[in-house]
Amino acid sequence: MTVGGTDVLVVGGGPAGVALAAACAARGLSVRLVAPHLPRPFPATYGAWLDEVPAPARDALAQVWSDVRVYAGAEATPLLRPYALLDNARLLEGLLARAGNGLCWTRGQVTGADRVGEGWEVRGTDGETWRAFVVVDAGGHGGSLGAPVRPGGAALQTAYGVVAQFDRPPGPPGGMVWMDYRAGHLPPAEVRAQPTFLYTMHLGGDRYLVEETSLIARPGVTRSLLRERLRARLAAQGTPPREVEHVEWVAFPMNTAAPRPGPWLAFGSAAGLVHPVSGFQVAGALADAPVVAGAVAETLAACGPAAATRAGWEALWPQERRAAREVALLGVDALLALPGDALPAFFSAFFRLPADQWHGFLAPRTDAGALARTMLRLFAHAPNRVRLPLARAALGQPGTSGRALLSALD
């Protein structure tokens with residue numbers, strides 16, 4: 001059965017896909033969103049720096065912490081930058097309200113898309129076909145219509161966590177810990193081989209989210225190891241959970257290259273928008289969505305579907321952002337090259353940089369020159385045990401490193 005056409009068809013019901021679908025509908029476009037499920041709150045936990053959450057999404061914040069800290073050694077480093085937790089149900093409700101009647105949510109699963117005239121015919125697993133002028137793959141890390149490229153194979157961030165009630169607080173009451181690399185409870189050889197850190201949010205009362213996290217690894221650290229690490233850490237702290245309410249498992253690639261523009265548009269993690277160092281994506285997607293929707297809406301009526309898709313790609317991945325992603329992927333190689341027991345020293349040096357520099361390095365749209373200059377300053381301030389692996393990683397990609405150096409000098 002072929003269903004009538006729309007201006008835009010978005011594949012995927014995660015926060016990025018819904019944000020772009022809602023932004024397109026808000027610009028007056030007719031939009032169909034195809035997802036395997038009907039609208040439901042996004043299942044994962046999403047945190048973001050408060051200053052990176054777009055104003056329209058501020059109503060969807062569940063909690064904001066001003067006490068945000070990192071433990072790269074025995075003493076805490078205060079980050080002095082508020083951190084927010086998104087309320088996924090309110091976020092979804094706000095996005096759908098913004099879309100109004102211009103968005104049709106369709107339950108289904110996409111298997112492919114074919115050109116039909118100026119537009120597309122998108123196929124579903126149950127024999128459905130949907131027609132649209134512009135198609136967007138927002139199908140998550142694996143994509144639905146195209147496979148993202150990850151140089152050297154996927155390097156994963158993985159995390160195992162629980163929301164639980166505690167008799168003794170596992171983290172600072174009223175605060176959150178972005179990274180806690182203290183690992184005195186583990187044999188040094190285990191830390192060196194597979195470094196992990198604790199991520200903690202105080203959710204109020206005796207409730208905390210605690211996650212044992214591997215920042216990046218190839219292959220990724222397994223769920224079973226992270227579960228055992230979390231239990232061992234909490235036991236060593238004397239803070240075992242009293243009652244577990246929810247278990248969370250996270251695994252996603254960090255090293256997706258900037259995609260080449262194709263015949264359909266991609267968005268969110270399917271478009272390589274996961275930050276290669278922090279793993280953040282949602283706040284950036286919420287900010288990118290109206291920009292991309294505006295480019296598509298303005299071009300579709302004037303110049304047609306193919307031009308609208310090209311305009312969407314250019315709005316999402318302009319040349320300067322592509323150059324920045326190339327530099328940022330050097331950071332991935334550097335982190336993968338570091339022995340696990342050197343990561344605390346790396347982040348100690350990183351968070352001693354001026355705030356505007358480390359803020360910019362973790363931001364989604366910082367230019368290549370600024371990223372490269374921050375990398376050089378970090379290298380200059382890091383101890384030798386950190387510098388040597390970083391230097392080897394840079395020498396392993398002389399072309400990219402050379403372009404990064406030139407951008408730093410601009």
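Student: What makes the space of about 250 Å³ in this predicted model the largest cavity rather than a pocket?

Tutor: A cavity is a set of points where a 1.4 Å probe fits but cannot get out, whereas a pocket is an open set. The largest cavity holds about 250 Å³ of space. Of its 22 lining residues, the closest to the centre are His275, Arg325, Ala363, Pro364 and Arg365. Helix 5 (282-303) and helix 7 each give two or more residues to this lining, and the largest share, 5 residues, comes from helix 5.

Student: How do you know that the second largest cavity belongs in the count of cavities of 30 Å³ or more?

Tutor: The second largest cavity has a volume of about 60 Å³, and the structure holds 2 cavities of 30 Å³ or more. Its lining includes Tyr181, Arg229 and Pro344.

Student: What classes of residue make up the lining of the second largest pocket?

Tutor: That lining has 20 nonpolar, 3 polar and no charged residues. The pocket has a volume of about 520 Å³. Among the residues closest to its centre are Met375, Leu376 and Phe379. Helix 10 gives the largest share of the lining, 6 residues.

Student: Why is leucine 405 called partly exposed?

Tutor: Leucine 405 has 43% relative accessibility. Buried means under 20% and exposed means over 50%, with partly exposed in between; leucine 405 therefore counts as partly exposed. Leucine 405 lies in helix 12. Together with Leu376, Leu406 and Leu409, Leu405 makes a nonpolar surface patch of about 420 Å², and helix 12 (residues 398-409) supplies the largest share of that patch, 3 residues.

Definitions and conventions:
Residues are numbered from 1 along each chain as its sequence is written. This is a predicted model: local features need pLDDT of at least 70, side-chain atom pairs count only at pLDDT 80 or more; totals for chains, interfaces and linings use all residues. Side-chain values use heavy atoms; hydrogens and water are left out. Patches are made of residues with over 30% relative accessible area and no salt bridge: like charges are joined within 9 Å, nonpolar side chains (Val, Leu, Ile, Met, Phe, Trp, Tyr) within 5 Å. Accessible areas come from the Shrake-Rupley method with a 1.4 Å probe; for residues, only the protein chains shown count as cover. A salt bridge is a side-chain nitrogen of Lys or Arg within 4 Å of a carboxyl oxygen of Asp or Glu. Helices (H or I, at least four residues) and strands (E, at least two) are DSSP runs, numbered from the N terminus. Buried means under 20% relative accessible area, exposed over 50%, partly exposed in between (1.4 Å probe, protein chains only). On a 1 Å grid over the protein atoms alone, a cavity is a set of points where a 1.4 Å probe fits but cannot get out, and a pocket is an open set with protein on both sides within 12 Å along at least five of seven lines; lining residues have an atom within 4 Å of a point. Grid points are joined across faces, edges and corners, and a volume is the space filled by probe spheres set on the points. Ala, Val, Leu, Ile, Met, Phe, Trp, Tyr, Cys and Pro count as nonpolar, Asp, Glu, Lys and Arg as charged, and the others, Gly among them, as polar.
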